[in-house]
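Me: I am new to this structure and would like to go through it by question and answer. Please take it step by step and end each reply on the value or name I ask for.

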Amino acid sequence: MTQFLQQLINGLSLGSIFAVLALGLAMVYGTLGILNFAYGELIAITGYTMYFATQAGLSFWLSALIGAVAAAVASILMQLLVFRPLQGTGFVTLLFASFALSQVLQGIFRQAISPRAKGIPAPEVLSNVFEFGGLRISVLNVVTFVIAMVSLGLFALFMRTSRSGLQMRAAALDLTTTRLQGVSAGRVILLAFALSGILAGIAGVLWISRTGTVTPTTGATPILVAFVAVVLGGLGSTVGAVVGGFVFGILEVFLEAYLPSGVVPFQFAFALIAVAVVLFARPEGLFGKAVEVKV
Amino acid sequence: MGEQLVTSSSSTASTVVADQPVIAVTSLTVRYGAVTALREVSLEVGRGEIVGVLGPNGAGKSTLMRTIAGVHKPVTGQVLLEGRPVVGGAPEKAARAGLRLVPEGRRIFGPLTVEENLRIGSMSRGSTLKDDLEAAYDRFPILGERRSQSAGTLSGGEQQQLAIARALMAHPTVILYDEPSLGLAPRIVDQIFELIAHLRDEGVTSVLVEQNARLALDLSDRAYVLGSGSITASGKSSDLAKIDLAQLYLGKGAQR
């Protein structure tokens, strides 16, 4: 029982990062129908920004803040410089543009910074562990979970209560009809990329705090995780993305804990197989509507 | 952004400002890929008029409405709204200039509440005034009762009311109604048409697209008949009403 609770706590902490990650990817997909595979590079940009900021002598926390902002700025630039000029060219064109963007950014990190990992030492306090009824809970897990939950809460509040949030919810349902009400498409889309970038930045800080390093391909796992969570939750559903993130995070932790030691290296593969099984039973994902083809 | 539209562009400078058409469409051609949806369509809508646009399925009526509203970019020709060109591909601009489309199939935001749907209608006005919401609920009491319900749970007639109420939140000068009777019971259709007439009396210029030609000719002052992308007949609705509909749709109409 203690073992189970212990894994559940670890799973919730990891899942909360996945949830923030997935929500950021789902934001842009929901508004524009773009699956932005360069989203993972926003995590790397957060990481490198944190690396340079800490190298310059700034504190970890200030560096984290700047890193998150950098991801938001980078996300907005992606829209302005890459996706906006390609607007109206179709899903596959935009998908490949995002792949290309991802490769270009990884190349830049490799050539301009270094192919090797750069360390970003997290503060000592985060690695502290306190014991509670036989459970060992790290400060990092608690901080991660709290920051993720507060972020998700603020995001929900913004979408529920603000004018811009209402515009974005309407735009995600039917962009043309929303524009026919006088809502500027450009503004809504830019806001979607900004929010996507902020969420990537927050998830990036939490991710980097966990790994302690940044490499040119740091974004590879986060984008895969976000994509899987979004599909698991149901493409186009922000609630689904969040739930999908938690489910996938918990699943991964439990597989790692309970799989026979010989197959633990394959835990990620097993997690993906489990997701495939879920999608076999519910092709539209946990919270998705029956698939509609957008004309 | 309630612009006082009194200026006239050079192309209509010869007309007196008060007589300037609210909508002037000149030789509009719209294509979807290789398919020509509209061919050299011209029409005018004067202030305070109800103008009908009739025609069989697939004649291009919805395309014409959506092009006037700025959704589509025409290949040739242009749409002037109060003398200013409508930018194709930027429907938000026409919306801010005082035009509203009540689209075919109503296109309400089903998962959002009735009140949220109304709030979106007022987005071009900078803020949602409590008075506007109250006015909407006075006019459509059923929407007031269901204000916190998700709009998708409303009946077809209620959804049509919501679509019109959403348009009214912007205090529009022109409303384009695209098939407002579609899928509604006759009694409800009568109510909707009474409402359209009433709104005209309040000064809202209206364009009414209908497959149900009888209804449209009863309500409108003038009408145009569209057949496979071109205007095949036009004239006063009372004159058009005397002609056999099949003939009308085949293009043997009045003047032209």
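Reply: Before the helices are discussed, one convention is needed: axes are lines fitted to C-alpha atoms, for helices over the stretch in contact, and the angles run from 0 to 180 degrees between N-to-C directions. The model itself is predicted.

Me: At roughly what angle do the axes of helix α5 and helix α6 of chain A cross?
Reply: Helix α5 of chain A covers residues 139–161 and helix α6 of chain A covers residues 163–173. Angles of 65 to 115 degrees count as roughly perpendicular, and α5(A) and α6(A) are therefore roughly perpendicular to each other. Their axes come within 5 Å and cross at roughly 85°.

Me: Which residues of α6(A) make the contact with α5(A)?
Reply: On the side of α5(A), the contact is made by Phe158(A), Met159(A), Arg160(A) and Thr161(A). By class, the residues of this contact divide into 3 nonpolar, 2 polar and 2 charged. The residues that α6(A) brings to the contact are Gly165(A), Met168(A) and Arg169(A).

Me: Which residues of α8(A) does α6(A) meet?
Reply: Helix α8 of chain A spans residues 185–211, and its axis comes within 10 Å of the axis of α6(A), with a crossing angle of roughly 100°. The helices α6(A) and α8(A) are therefore roughly perpendicular to each other. The contact of α6(A) with α8(A) has 5 nonpolar, 2 polar and no charged residues. From α6(A), the residues Ser164(A), Gln167(A), Met168(A) and Ala171(A) take part, and in α8(A) they meet Val188(A), Leu191(A) and Ala192(A).

Me: What radius of gyration does chain A have?
Reply: Chain A has 11 helices and 4 strands, and its C-alpha atoms fill a box of roughly 60 × 50 × 35 Å along the principal axes. For 295 residues, a compact globule would have a radius of gyration near 19 Å, and the value for chain A agrees with this, being 19 Å.

Me: Over which residues of chain A is the pLDDT below 50?
Reply: Chain A averages a pLDDT of 93, and 98% of the residues score at least 70. One stretch falls below 50, and beyond near neighbours in sequence this stretch has 2 contacts in the model. Where pLDDT is low, the predicted coordinates should not be read in detail. In chain A, the stretch with pLDDT below 50 is residues 291–295.

Me: How many residues does chain B bring to its contact with chain A?
Reply: On the side of chain B that touches chain A, α2 (91–96) and α3 (114–121) each supply at least two residues. The residues of this side divide into 12 nonpolar, 2 polar and 5 charged. Chain A gives 16 residues to the contact, and the number from chain B is 19.

Me: Is α3(B) largely enclosed or largely open, and which of its residues are buried?
Reply: Of the 8 residues of α3(B), 6 are buried, so this helix is largely enclosed by the rest of the structure. Its buried residues pack against α6 and α7 (175–179) of chain A, together with α4 (130–139), α5 (141–145) and α6 (156–168) of chain B. The buried residues of α3(B) are Val114(B), Asn117(B), Leu118(B), Arg119(B), Ile120(B) and Gly121(B).

Me: What share of the residues in chain B is buried?
Reply: Chain B contains 10 helices and 10 strands. Among the contacts in chain B with a separation of 6 or more, residues 24 or more positions apart account for 62%. Of the 256 residues in chain B, the buried share is 48%.

Me: Is Arg106(B) buried or exposed?
Reply: Arg106(B) lies in the loop between β6 (99–102) and α3 of chain B, and its phi is near 70°, a positive value in a residue other than glycine. A residue counts as buried if 20 or more other C-beta atoms lie within 10 Å of its own. Since Arg106(B) has 24 other C-beta atoms within 10 Å, it is buried.

Me: What is the phi of Ser27(B)?
Reply: Ser27(B) is placed in strand β1 (residues 23–32) of chain B, and with 13 other C-beta atoms within 10 Å it is partly exposed. Most residues other than glycine have a negative phi. Ser27(B) is not a glycine, yet its phi is positive, at about 30°.

Technical notes:
Residues are numbered from 1 along each chain as its sequence is written. Chains are lettered from A and ligands numbered from 1 in the order in which they are written. This is a predicted model: local features need pLDDT of at least 70, side-chain atom pairs count only at pLDDT 80 or more; totals for chains, interfaces and linings use all residues. Angles under 35 degrees count as roughly parallel, over 145 as roughly antiparallel, 65 to 115 as roughly perpendicular and the rest as oblique. Two residues are in contact if their C-beta atoms, placed from the backbone, lie within 7 Å. Ala, Val, Leu, Ile, Met, Phe, Trp, Tyr, Cys and Pro count as nonpolar, Asp, Glu, Lys and Arg as charged, and the others, Gly among them, as polar. pLDDT is the predictor's confidence in each residue, from 0 to 100. The radius of gyration is taken over C-alpha atoms; the globule rule is 2.2 Å times the number of residues to the power 0.38. A residue is buried if 20 or more other C-beta atoms lie within 10 Å of its own, exposed if 12 or fewer, and partly exposed in between; C-beta atoms are placed from the backbone.
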